[in-house]
Amino acid sequence: DKNVTEVNEGTHRKASLLFYLLSLLFYLYSKNPFSMHTNRTILPEVTTDGSHTLYIPELDEHYHSVKGARTESLHIYCGLALKHFAERHPQHSCIRVFEVGFGTGLNALLTLETALEKGLNVHYTTVELYPLLWNQVKPLGYSDSEEFEFIHTSPWEECICVKPEFT
């Protein structure tokens, strides 16, 4: 249908513009010499479900729910979003995900695992003002997979192919 195509193209252009503006904002903000990027304290914490999160005392902020980092990501990201969208829109050959705040990468990891389990193709885009180093994430014990390490050690601002089903 012509109208659907026009709406999809218009939506895609708007999403692309939004992504560009957010990327520019994050880039400019990251160049701020007064940012907390280099001097912040990040502490690991065990959540109620036994998975780990990180805590920033200066902001009194956790990266994930203290009731369960893994539970939160599985429920919100994979259950309510990814699986729900795939079930309601089976005609889409590729699901595009945009995450503001990559954080520990747990959402990306669980999205990758869900995509492989359900046979979905996912194009995952994320921005992060304060990227964590692999040596900060690995001790959280989310995964020992090569793909998870690859996601964390790959350069930012480049499209990477983690698996044929997940870029």
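Helices (H or I, at least four residues) and strands (E, at least two) are DSSP runs, numbered from the N terminus. With that in hand, welcome to this structure, which is a predicted model.

## The chain as a whole

Let us start with the overall layout. The chain holds 5 helices and 5 strands, and going along the sequence they come in the pattern α-β-β-β-α-β-α-β-α-α. The chain has 167 residues, and 34% of them count as buried. What about contacts between residues at least 6 apart in sequence? Among these, 58% join residues at least 24 apart.

## Helix 5 and what follows

Helix 5 spans residues 146–153, and its buried residues are Phe 148, Ile 151 and His 152. These three cover an arc of only 95 degrees around the axis, so they sit on the same side of helix 5. What do the buried residues of helix 5 pack against? Their partners are helix 3 (106–118) and helix 4 (134–137).

Is Ser 154 buried or exposed? Its relative accessible area is 10%, and since buried means under 20%, Ser 154 is buried. The side chain of Ser 154 also reaches back to the backbone oxygen of Phe 150, at 2.5 Å.

Glu 157 is found in the segment after helix 5 too. Glu 157 is exposed, however, with a relative accessible area of 74%.

## A serine in a loop

Now turn to Ser 51, placed in the loop between strand 1 (43–46) and strand 2 (52–56). Ser 51 is buried, having a relative accessible area of 12%. Its side chain makes a polar contact with the side chain of Asp 49, at 2.5 Å. A polar atom of the Ser 51 side chain also lies 3.2 Å from the backbone nitrogen of Ala 69. Which residues does Ser 51 touch once its neighbours within four places in sequence are left aside? Ser 51 is then in contact with Glu 45, Val 46, Gly 68, Ala 69 and Arg 70.

## Two positive phi angles

Asp 60 has a phi of about 50 degrees, and Asp 60 belongs to the loop between strand 2 and strand 3 (61–62). For Glu 157, the positive phi is near 65 degrees. Asp 60 is exposed, with a relative accessible area of 57%.

The table below gathers the accessibility of the residues discussed one by one.

| Residue | Relative accessible area | State |
|---|---|---|
| Ser 51 | 12% | buried |
| Asp 60 | 57% | exposed |
| Ser 154 | 10% | buried |
| Glu 157 | 74% | exposed |

Key: Residues are numbered from 1 along each chain as its sequence is written. This is a predicted model: local features need pLDDT of at least 70, side-chain atom pairs count only at pLDDT 80 or more; totals for chains, interfaces and linings use all residues. Side-chain values use heavy atoms; hydrogens and water are left out. Buried means under 20% relative accessible area, exposed over 50%, partly exposed in between (1.4 Å probe, protein chains only). The arc is that of the directions from the helix axis to the C-beta atoms. Contact means heavy atoms within 4.5 Å. A polar contact is a pair of N or O atoms within 3.5 Å; within protein, one must be able to donate a hydrogen and the other to accept it, and residues adjacent in sequence count only if both atoms are side-chain atoms.
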